[in-house]
Amino acid sequence: MAMALSSLRCHRVARVARVAVPLRSILPRGAQLAHRRCLSIQVDPQYPGTAVERLQGIHLRVKTLSKEELSGDWQEVRRRLLWAGGLRDLPDVPPGQGCTAHSFNDDTHCDLTAMLGEVSHNQNDGNIEGIATGNLLGPGIQVASLPELGPGGSWSTCINGCNFEPPQDVAHVQFRSRVAFKLVWCPPVFKKFVLVDDEGEYLAHGEPTGELPNEFWRKRNYELVRGGRYARVAESFKEE
């Protein structure tokens, strides 16, 4: 009986609560916590797949990243970006099982997306240009996501289509989610990058050293955002 009650959906548990029976008397502790989380979860009406609490936590972490911290060796900078985004550094696990070796290391896997758990298993139905139909990411998201940032999961999703308005990329179309931050390499030399939020506003920047992603990928990263909201800061960026 306890197992059945613990698996009730939020609205079913809420119906029980209205009869003035204390939750602690009928539900195990784990189900009580899940119920409270269901009642308090924040919803983004425009992009309801967004894990709002998690996105806010990511922004707080990004604010702690100094320009100096983002200008060290690229491998360490990338680990800090993963941490800020709520992702584990898992370079050696197989693709599809939580591998994050590709994150921020090419032209397109440069969106940090925080999505609710129930949408993390959404698949691409063919509406995102350049992305394979299906594109099931949910199992890997569960493995790689750090739990302390709140409900849902994180992933470095593809930016293809983000130059349209509204954006037509994986985050906004497949997951119906905002991006917590996007990494964009700055023209014309593509040695500095900026992090921008879902509206394209500045969050942070760095000029890393060491073995950067190939210059071809850095240039193409900018080409994928050019013409849209996410290119503005990179195009006009001048360090103070």
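1. T113 sits in strand 1 of a predicted model. Helices (H or I, at least four residues) and strands (E, at least two) are DSSP runs, numbered from the N terminus. T113 is buried, at a relative accessible area of 0%. Buried means under 20% relative accessible area, exposed over 50%, and partly exposed in between (1.4 Å probe, protein chains only).

2. The side chain of T113 makes a polar contact of 2.7 Å with that of T157. A polar contact is a pair of N or O atoms within 3.5 Å; within protein, one must be able to donate a hydrogen and the other to accept it, and residues adjacent in sequence count only if both atoms are side-chain atoms. Leaving out residues up to four places away in sequence, T113 touches G153, S154, W155, T157, A171, S177, R178, V179 and A180. Contact means heavy atoms within 4.5 Å.

3. Ground rules for the numbers. Residues are numbered from 1 along each chain as its sequence is written, and side-chain values use heavy atoms, with hydrogens and water left out. In this predicted model, local features need pLDDT of at least 70 and side-chain atom pairs count only at pLDDT 80 or more, while totals for chains, interfaces and linings use all residues.

4. Confidence next. pLDDT is the predictor's confidence in each residue, from 0 to 100. The protein chain averages 83, and 75% of the residues score at least 70. Over residues 31-36 the pLDDT is below 50, and this stretch has seven contacts beyond near neighbours in sequence. Residues 131-135 also stay under 50. For them the model has 15 contacts beyond four places in sequence.

5. The sheet is open, with five strands in the order 2-1-3-4-5 and antiparallel pairing. Two strands pair if DSSP finds at least two bridges between them. Strand 2 (153-157) and strand 5 (202-206) are at the edges; each has a single partner strand, so one side of each lacks a neighbour in the sheet. Neighbouring strands are turned by 20° against each other on average, direction ignored.

6. Strand 1 (residues 111-115) and strand 3 (residues 179-185) run antiparallel and are joined by three bridges. L112 stands opposite F181 in strand 3. Helix 6 (residues 74-84) packs on the sheet, where it touches strand 3 and strand 4 (193-196). The direction of helix 6 makes about 160° with that of strand 3. Axes are lines fitted to C-alpha atoms, for helices over the stretch in contact, and angles run from 0 to 180 degrees between N-to-C directions.

7. Helix 9 (residues 215-225) has R218, N221, Y222, L224 and V225 as its buried residues. They cover an arc of only 160° around the axis, so they lie on the same side of helix 9. The arc is that of the directions from the helix axis to the C-beta atoms. Strand 3 and helix 10 (232-236) are among what covers them. N214 caps the N-terminal end: a side-chain oxygen lies 2.8 Å from the backbone nitrogen of F216. Just after helix 9, G227 has a positive phi of about 95°.

8. E165 and P166 are joined by a cis peptide bond, with omega about 0°. P187 and P188 are also joined by a cis peptide bond, with omega about 5°. R176 has a positive phi near 50° and is partly exposed, at 39%. F190, in the loop between strand 3 and strand 4, has a positive phi near 60° and counts as buried at 8%.
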